[in-house]
2 protein chains.
Amino acid sequence: MRAIEAEAVVRYTDAAGLPEALSGADVLFVYDFLSTAVPGAWHAADRLRWLHIASAGVDPVLFPGLRESDVVLTNSRGVFDDAIAEYVLGVILAFAKGFARSLDLQRESRWLHRESERVAGREVLVVGTGPIGRAIARLLRAAGLRVSGAGRRARTGDPDFGDVHSTAELTEHLPAADYVVAVAPLTEQTKGMFDAAAFAAMKPSARFVNVGRGELVVTSDLVAALAGGELAGAALDVFETEPLPADSPLWTMENVLVSPHMSGDFVGWRNTLVEVFRENFGRWVAGKPLHNVVDKQLGYVPSPEVRTR
Amino acid sequence: MRAIEAEAVVRYTDAAGLPEALSGADVLFVYDFLSTAVPGAWHAADRLRWLHIASAGVDPVLFPGLRESDVVLTNSRGVFDDAIAEYVLGVILAFAKGFARSLDLQRESRWLHRESERVAGREVLVVGTGPIGRAIARLLRAAGLRVSGAGRRARTGDPDFGDVHSTAELTEHLPAADYVVAVAPLTEQTKGMFDAAAFAAMKPSARFVNVGRGELVVTSDLVAALAGGELAGAALDVFETEPLPADSPLWTMENVLVSPHMSGDFVGWRNTLVEVFRENFGRWVAGKPLHNVVDKQLGYVPSPEVRTR
């Protein structure tokens, strides 16, 4: 932050001190991107013009007061893309090769040969066609999987996804997928989109991967679908309630891989997040248009139209 | 085997019945590729002309009696390549993303955020440049890793490996690798090549992956290197003694992933192995040259010279 301190008065605060620190501030950098402190301090935002958040998802700060204001909202689009893509490929390979079972057997010093699945040629439906979804699609394709996408607008010939289906028709396209990857932004439209009907539409052999937001999923429906054999497994990095409560059945369900909201958090990510803010701050000071401006009605940074071919 | 039974008298036998079954046979198909029964039955091979083994490695049958005979030896080259490549990419991602730790924490219902490593840009040295090594190199490159190889003959411009180093100079090239993948055939030259000196040459942050043969490794040296922090982890699918004895320290060492010689054994592999034999048998009957003829002095099927560019 030293470069920024050279050009501005910087106040560092925790949640409790936010109202006092916000008063008189032009810019708010929400570094603790899971903080829910902003709405409660909003009354003190007397001259705020720009809010930057150190995450890709902006749902924690996209409350009505910000949405209706003139405050510009930017996010950290791009930082997590490739790390999350590697994580998704990793959990797909972990399912296919039975790594969790191998580890459990290893803990018992037990040698038990099993056959494993190939991943080449398997069908993946990536729900969410922003930059993280694109990075996932590119890496999975490179590793030999077949990928399609689901987004706001159906189209063909997308450079990363090939076919993009409309999320409005998601259940029609779920049955073809061996893996369904949720990476959509959390909005009023996407909240709870993975519900009993969606899980019922998946193959019993399909696995569900969530690296988007826990609230995309109706958790009780997911638990019921896994328990009832409607799908074969789930790798979950995000949850409706985080940390995942100790009494959640997800911790102990067979074929569920739980990780603590870390899929994008590669060594060095915190520095990279500050770097993203610093670059945008330089643009702010120079009067240039900011990068990664969120459409506050959509709830994410709209992608430029991708030319179909 | 029905297609073969239509063209030949087929005798099926276990190890005990092998001498009797072998007497008078022209062809021996070693379907149990870990069987050690062939040398002890060799005296009964009174008209054998061809031995086919349902594996890529031929070390279990390459004893002096076969080597010195005129019996042609063929293997199942090609069947396992892509499945093993997926397994190797999977364990590399498992290390980078800390999946074993995530699973251990999950078993305790414990939420503990950690940072993870990227795999893009990491250096991998693949020791063994046969078709399995090539498949590994291609897949890892596709996933963004940097790959070089080690084989009999140093060269540059290899289409899969780029640079291939001479295994005679292996220790010079080990320090650069973040991951070292052992997939060389087991021969007198390669036996025990991964010893204390080799592990000492690796970075303390490096991980070792063995999908070749357990005897490529001096196991006690590997255990000492892991215990002493000379390398950061190992994923082992093959072992000097298989099944791995229950009292082996490898089962319980931190950062060791043990799997039961299954990396190539995808669903359908057994049918594919019979298919490979059936195709070669068709060539035999038709008097055509067999596929996958092993050089019994080298101990593997020599690759055609790859044109350097």
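In what order do the 8 strands of the open sheet in chain A run? The order is β6-β7-β5-β4-β8-β9-β10-β11, and the pairing is mixed. The model is predicted.

- From one strand to the next, the twist averages 20°.
- Strand β6(A) runs antiparallel to β7 (residues 162-166) of chain A, and 2 bridges join them.
- Within this pairing, Val164(A) of β7(A) is the residue that stands opposite Arg155(A).
- Helix α10 (residues 219-227) of chain A packs on the sheet, where it touches β9 (207-210), β10 (233-236) and β11 of chain A.
- The direction of helix α10 makes about 145° with that of β10(A).

**The two domains of chain A**

- The domain assignment divides chain A into domain 1 (2-78 + 266-285) and domain 2 (81-258).
- A distance of 31 Å separates the C-alpha centres of domain 1 and domain 2 of chain A.
- Contact between these domains involves 7 residues of domain 1 and 6 residues of domain 2 of chain A.
- The two domains of chain A bury about 570 Å² between them, with carbon and sulfur atoms giving 54% of that area.
- On the side of domain 1 of chain A, the residues that lose the most area to domain 2 are Asp59(A), Arg77(A) and Gly78(A), which together give 61% of what that side buries.
- There is 1 salt bridge between domain 1 and domain 2 of chain A.
- The side chains of Asp59(A) and Arg213(A) form a salt bridge, at 2.7 Å from N to O.
- Across the interface of the two domains of chain A, 2 residue pairs are in polar contact, both residues of each pair being at pLDDT 80 or more.

**The interface of chain A and chain B**

- Chain A and chain B each bring 53 residues to their contact.
- The area buried between chain A and chain B is about 4600 Å², and 61% of it lies on carbon and sulfur atoms.
- In chain A, the residues that lose the most area to chain B are Glu86(A), Trp111(A) and Trp251(A), together 18% of what that side buries.
- Between chain A and chain B there are 6 salt bridges.
- A salt bridge links Glu86(A) to Arg118(B), with the closest N and O atoms 3.2 Å apart.
- The elements of chain A that give two or more residues to the side touching chain B are α5 (81-97), α6 (99-107), α7 (131-142), β11 and α11 (269-285).
- Of these, α5(A) gives the most, with 10 residues.

**Backbone features**

- Most residues other than glycine have a negative phi, and most peptide bonds are trans.
- The peptide bond joining Glu242(A) and Pro243(A) is cis, with omega about -10°.
- Pro243(A) lies in the loop between β10 and β11 of chain A.
- In chain B, a cis peptide bond runs from Glu242(B) to Pro243(B), with omega near -10°.
- Pro243(B) lies in the loop between β10 (233-236) and β11 (256-258) of chain B.
- His261(A) is not a glycine, yet its phi is positive, at about 45°.
- The loop between β11 and α11 of chain A holds His261(A).

Methods. Residues numbered from 1 in each chain as written. Chains lettered and ligands numbered in written order. Predicted model: local features only at pLDDT ≥ 70, side-chain atom pairs only at ≥ 80, totals over all residues. Heavy atoms only, no water. Pairing = 2+ DSSP bridges. Helix = DSSP H or I, 4+ residues; strand = E, 2+ residues; numbered from the N terminus. Axes fitted to C-alpha atoms, helices over the stretch in contact; angles between N-to-C directions. Contact = heavy atoms within 4.5 Å. Domains from an automatic or database assignment. Buried area = accessible area lost by both parts, 1.4 Å probe. Salt bridge = Lys/Arg side-chain N within 4 Å of Asp/Glu carboxyl O. Polar contact = N/O pair within 3.5 Å; in protein donor to acceptor, adjacent residues only side chain to side chain.
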